[in-house]
Amino acid sequence: MRGAGGGANLLALRSHNTALVLDLLRTAGPEGISRLELAERTGLTPQAVSKITARLREEGLAAEAGRRASTGGKPRTVLRLVPEAGHAVGVHLDRDELRAVLADLDGTVVARRHAPLDLGAGAEAVLTRVASVVAELEAELPAGGSLLGAGVALPGPLDHRRGVLHRVTGFPEWDGFPLRDALSARLGGVPVVVDKDTNAVALGLAVGGEGGSFAYLHLGTGLGAGLVIGGSVHRGPRTGAGEFGHQVVQLDGPPCGCGDRGCVEALCLAAVARGETAEAARVLGTGAANLVGLLDIDRVLVGGRTVEGAPEVFVSGVRGVLEARARRTGEGRVGVAVVSGEGRVAEGAAQLVLAPVFGQDG
């Protein structure tokens, strides 16, 4: 972690009690919250809260936000989070482009970058490009700000815990590459977190207030899913959950880049290539209906550059398949909506670093 003011130690921030306090400071906003309220809401003793807030103030992460009248005695000092004290870089590596953001502790994006990228150009070329973009964004840190880390999101499958890539569809040369450790070394020891693009968006949505259980389906140069169950991103014991695009929906169908045949991704992208957007939406809806039946989720959210090219068509198509299923089963309707914004994956990637600071699923 680097920055003009040295910043706070990321591992220290991740202590459970500190995360509880930081999360309450963040949600309180500019108006702030008193130490007494912090103690009441966290269940910590006033002494423990005082120690934690004193350390956060010393590190520049918290500051006074004025005083508030109390029911008796002297007015209480209220504290607020200092969002500009810490930042994270979020990087989206797609098959043909790179998007990156610099976000403060509130998740507010303060700088962006966008450039073409060839994911098949090899690890050296990709790492060099990413390191260059991170350096550009780091140069935009405000005085006293620090870089907590970099989150990188890209197509799966991959091992989230170890930061190791598996056989990315269409790019088998990445199989087994230790992206997390290699990029951290290239960045001079800056902590790096690696996850699938779909999980990054799902995390960003959950942190942003999308509650309950939902699936985020991302259709761009490929197709995948991010799953949030009970408010937490579901990755599975081997962090491989969400390989939605490679469920077979047509036996002996057209070949897919994964080596199988009749995958929902192959059928969907083939329909898009033919200009049959409504058919692509129907195929996507068929896969979504399978997820709804398996997981009993509340909502299906769709996004990605292909969806954003015809959002109404995709929402209508997916909703139509899900409503037909609901009529057959007698179950309640499942909501469908578009998640827009070209920088969503990069912003979610920044949350891979930021969310754990506040005790959330990263």
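Predicted model: local features only at pLDDT ≥ 70, side-chain atom pairs only at ≥ 80, totals over all residues.
**View 1. Asp-23 and Arg-26 pair within helix H2.** The two side chains form a salt bridge, with an N to O distance of 2.6 Å. Helix H2 covers residues 16–28. Asp-23 and Arg-26 sit about one helical turn apart because they are three residues apart in this helix. Arg-26 has a relative accessible area of 18%. That value is under 20%, so Arg-26 counts as buried.

**View 2. Arg-305 and Asp-96 form a salt bridge.** Their closest N and O atoms are 2.8 Å apart. Arg-305 belongs to helix H10 (residues 305–309), while Asp-96 lies in the loop between strand S5 (86–93) and strand S6 (97–104). The pair therefore ties together parts that are 209 residues apart in sequence. Arg-305 is partly exposed, at 36% relative accessible area. Asp-96 is also partly exposed, at 35%.

**View 3. A network of salt bridges includes Asp-96 and Arg-305.** Asp-94, Glu-97 and Arg-99 are linked in this network as well.

**View 4. Glu-347 and Arg-112 form a salt bridge.** The closest N and O atoms of Glu-347 and Arg-112 are 2.9 Å apart. This pair links distant parts of the chain. Glu-347 is in helix H12 (residues 344–357), and Arg-112 is in strand S7 (residues 109–116). The two residues are 235 residues apart. Glu-347 is partly exposed, with a relative accessible area of 28%. Arg-112 is partly exposed too, at 46% relative accessibility.

**Whole structure. The search for salt bridges finds 20.** Among them are Asp-23 with Arg-26, Arg-305 with Asp-96, and Glu-347 with Arg-112.

Terms used
Residues numbered from 1 in each chain as written. Heavy atoms only, no water. Salt bridge = Lys/Arg side-chain N within 4 Å of Asp/Glu carboxyl O. Helix = DSSP H or I, 4+ residues; strand = E, 2+ residues; numbered from the N terminus. Buried < 20%, exposed > 50% of the residue type's maximum accessible area, 1.4 Å probe, protein only.
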